[in-house]
Amino acid sequence: MKGVKKGWFTPLISGLLVGVLIAVAFFVNFKQLNSANNSKLGANESAAEKTYVPPGKLDTYYLFASGGHSGNVFVYGVPSMRRIRTIPVFTPESAAGYGWTTETKKMLGKFTWGDLHHVAISETKGEYDGRALFATDIQNNRAAAIDLKTFKTVDILGPIPNLNGPHCAAFVTPNSEYIFLPTRFSAPIGHEYADVSQFKEKYKGVMGAVQYDFNKKKLHLAWEVMLPPWSYDLSDAGKKTSNGWAVMSTYNTEEANTTLEVGASQNDRDYLVIFNWKGIEKEVAKGNYKVINGAKMFDPVKTPGFVYLVPVAKSPHGVDVTPDGNYYISSGKLSPTATVYDWKKTFKAIQNKDFQGEARGLPIIRYESVRHKEVEVGLGPLHTQFDNRGNAYTTLFIDSAITKFNYKTGKVIDKIPVQYAPGHAAAAEGDSVSPDGNYLVSLNKLSKDSYLSVGPSHPESLQLIDISGEKMKMLYSAPADPEPHYAQMVKADKIKPIEVYPKDTKRPNSVWKEKDAHIVRHGKNVDVYGIAVRSHFVFDAKSKTPDVVRVNQGDKVTFHITNIDLDEDITHGLGITSYNENMEIQPGETNSFSFTADESGVFPLACTNFCSALHQEMTGYLLVKPK
Ligand code: RUQ
Ligand code: CUA
């Protein structure tokens, strides 16, 4: 019996035990799974909360992102990451009539595209001041200024003589004294002809120093610096203790004249180029320059003491000055290390002539004398941003991540994956002397599986990261059009846009009363001085058909239209059927376009911007009488 009892009892007990154990294990496991799910859900929920800006509420930051080869600037609100505006800069844009109006046509000249890589907000005492935004076109050698009162491009300078692809720009000095434009390509000065076999003798790098007159809203070229035939990459201006100096990175110090992929990756080290812009400014004021193609060219080899080289790991892609102005950080794209350099040590080394030789007549400062820390950040380090607690955030293109480290101690603190291949990152007030330390946006070159597929080419992505704590937290991913290169994030209350253009009765070509609208004919020139007001056009107040313009075939016709609706957001447009003419006229604005009426017939015209319930009735005719 015992045996029998034992026979059934033991299996029963052990079976029960096993069952209980499995149940417990399952329960524990389930609980763990569940809590893991919960915490994941919790993380997503809190991320969603942190980016949610309910209807009627506004974002706390503007993010100005470069639009790359679209030639535009994209404006986002942060933290919602909603895109709120496209500012056309180097490329025509029909919604705004940009490239059709007389003024914008003149600004764009013969160019219909640009490659807008870097944006820079104007600064006062090293703080973003919200007055203007600068950008450069690295293809057609131009610089642009955008007025942040109207969010419109107000001036384009260029093509600037002697420059070839100002990729490293735009970076402004702490009081917006200058916008520097160093070149990516070396070429013979002034587009002269010389075969690439004469690269070493004939080709040069150049750095342009451009100034902006905030009152006249005009850019002009102040002077240029002749540089060795290398490629200059992203740069930064000194601040606080290093104010008056600036630094740019270079590659192809090998001076390869073809197949740069291999040719420019031979040397173990390239250089950072340090220059004393306040000193050069004084030299140029004294007349120490040579005029080349209309530019005042300063030669730092002939007049030493203003430009120095510092060794850096091979093929660097940028250099960034810390908010306190005490350090500058650069990495070689092909080495996993970021080097933190010390400005004070740099000045001391210059004073003591602590050099390790020279290249192309420029002294090379001894690396060991100026290096503060070497930090293992990860693979493919590109650009660095900062918070307000002494931390740096370096993007890692190859690792698809961002590494956070303390730039004083060199200690790596955190690393966060991003989707995918980040170029730049932009921190809140990140290039100023006082970053906010709360948000960082990773500007990624690839999004792969992040969004619904739109075919073989996917959108780029902007990822919002919370950097307020010890660990970085991913908050949001917003798609972007090609191609975000750089962005700056500025406190929303620093930007003070106007609501309507001021009623300025002295403004050329403006008309402010319906009864004053008129048409002037001088031979073949027909000038229409009209108004747009909800919901009609008046071109000729004295005519029985005030919204009809009659011209002869072959006439040169100009429409000058003033929008006299001085109400927020009441924008009109004017488009002429079949004539490929369109413009936008914002409240209180006067705009014009001109064309030759070479085709005869009847051409309906209409307001293109929905302005009222009777927008559809806001029409008229252009009548072109055949010859
Ligand atoms: S560069 S992605 Cu055109 Cu700013 Cu480094
Ligand atoms: Cu005016 Cu639509």
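## Domains

The centres of domain 1 and domain 2, taken over C-alpha atoms, are separated by 48 Å. The chain is assigned domain 1 (14-51), domain 2 (61-494) and domain 3 (514-625), with bounds from an automatic or database domain assignment.

This is a predicted model, in which local features need pLDDT of at least 70, side-chain atom pairs count only at pLDDT 80 or more, and totals for chains, interfaces and linings use all residues. Residues are numbered from 1 along each chain as its sequence is written, chains are lettered from A and ligands numbered from 1 in the order in which they are written, and side-chain values use heavy atoms, with hydrogens and water left out.

## Sheet

An open sheet is formed by four strands in the order E25-E26-E27-E28, with antiparallel pairing. Strands are DSSP runs (E, at least two residues) numbered from the N terminus, and two of them pair if DSSP finds at least two bridges between them. Strands E25 (381-386) and E28 (412-417) are at the edges with a single partner strand each, so one side of each has no neighbour in the sheet.

Strands E26 (residues 391-396) and E27 (residues 401-406) run antiparallel and are joined by six bridges. Tyr393 stands opposite Lys404 in E27.

## Ligand site

Around ligand 1 are His117, His118, His167, His317, His383, Gly423, His424, Lys445 and His485 (a residue is near if one of its heavy atoms lies within 4 Å). This shell comprises no nonpolar, eight polar and one charged residue; Asp, Glu, Lys and Arg count as charged, Ala, Val, Leu, Ile, Met, Phe, Trp, Tyr, Cys and Pro as nonpolar, and the others, Gly among them, as polar. Strand E4 (116-124) and strand E29 (422-427) each contribute at least two of the shell residues.
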